[in-house]
Amino acid sequence: MEPSCGGLPGLEATRPHVKPKATCSAAAPLEERRFHVLVGVTGSVAALKLPLLVSRLLDIPGLEVAVVTTERAKHFYSPQDVPVTLYSDADEWELWKCRSDPVLHIDLRRWADLMLVAPLDANTLGKVASGICDNLLTCVIRAWDRSKPLLFCPAMNTAMWEHPITEQQVGQLKAFGYVEVPCVAKKLVCGDQGLLLLEPSCYAVRRPRPTPVDAGVHCPQPASE
């Protein structure tokens, strides 16, 4: 799979604070192409790590990053701390005015070479597993091209994680072909000992060569706390 080519169509109609870089031509050398990573963020307290996660991804040469956020996720980070384009529900509706207008969740699906949903909270996990698509992020996931990698990072309170429905829902996402990035055990914000999102340094998204995309996740076992 070759990296996607070009900027996101209809970008001018949205209101990002930083625009993704522009286009690449079919004749452009491979080293000039950008590999597009779309980060989805949901309303888990682990969304506090979004600025750090984006920063670590941008440290990887050749990557271009954009973020799709749920409304609840906005509670946990400041947009000015995220140095890439942020898309939310309002952008989808502001972009589409009539039949010939672009549809943002489809454009994002086409633009991205890889999607990383981090964190994936219990609510959105349930939506994705059952096919509900009632916001921009879940619409992108529902429309996702399953020939491209989609990684998801569950993050929720331990009591929610241990509910029997969670295992079923995670299993359903894996059955779709999505890849789980496991949680690690740490002290939660609420004071409980539980499972949290991996540190952003534990993600490895490698820019592909001319061969099919090589994207993976690796992290050593965390030290006990």
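Y178 counts as buried, at 9% relative accessibility (buried is under 20% relative accessible area, exposed over 50%, partly exposed in between, with a 1.4 Å probe and protein chains only). F176, at 27%, is partly exposed. This is a predicted model, where local features need pLDDT of at least 70, side-chain atom pairs count only at pLDDT 80 or more, and totals for chains, interfaces and linings use all residues. Residues are numbered from 1 along each chain as its sequence is written, and side-chain values use heavy atoms, leaving out hydrogens and water.

**Rings and charge**
- F176 and Y178 form an edge-to-face aromatic pair, 5.7 Å centre to centre with 65° between the planes.
- Rings of Phe, Tyr and Trp (its six-membered ring) pair if their centres lie within 6.5 Å; planes under 30 degrees apart are stacked, over 60 edge-to-face, and the rest tilted.
- The charged end of K148 sits over the ring of W144, 5.8 Å from its centre (NZ of Lys or CZ of Arg within 6 Å of the ring centre and within 35 degrees of the ring normal).

**The sheet**
- Six strands make an open sheet with parallel pairing, in the order β3-β2-β1-β4-β5-β6.
- Strands (E, at least two residues) and helices (H or I, at least four) are DSSP runs numbered from the N terminus, and two strands pair if DSSP finds at least two bridges between them.
- The edge strands are β3 (85–87) and β6 (179–180).
- Strand β2 (residues 63–69) pairs with β3 over three bridges, and V68 stands opposite Y87 in β3.
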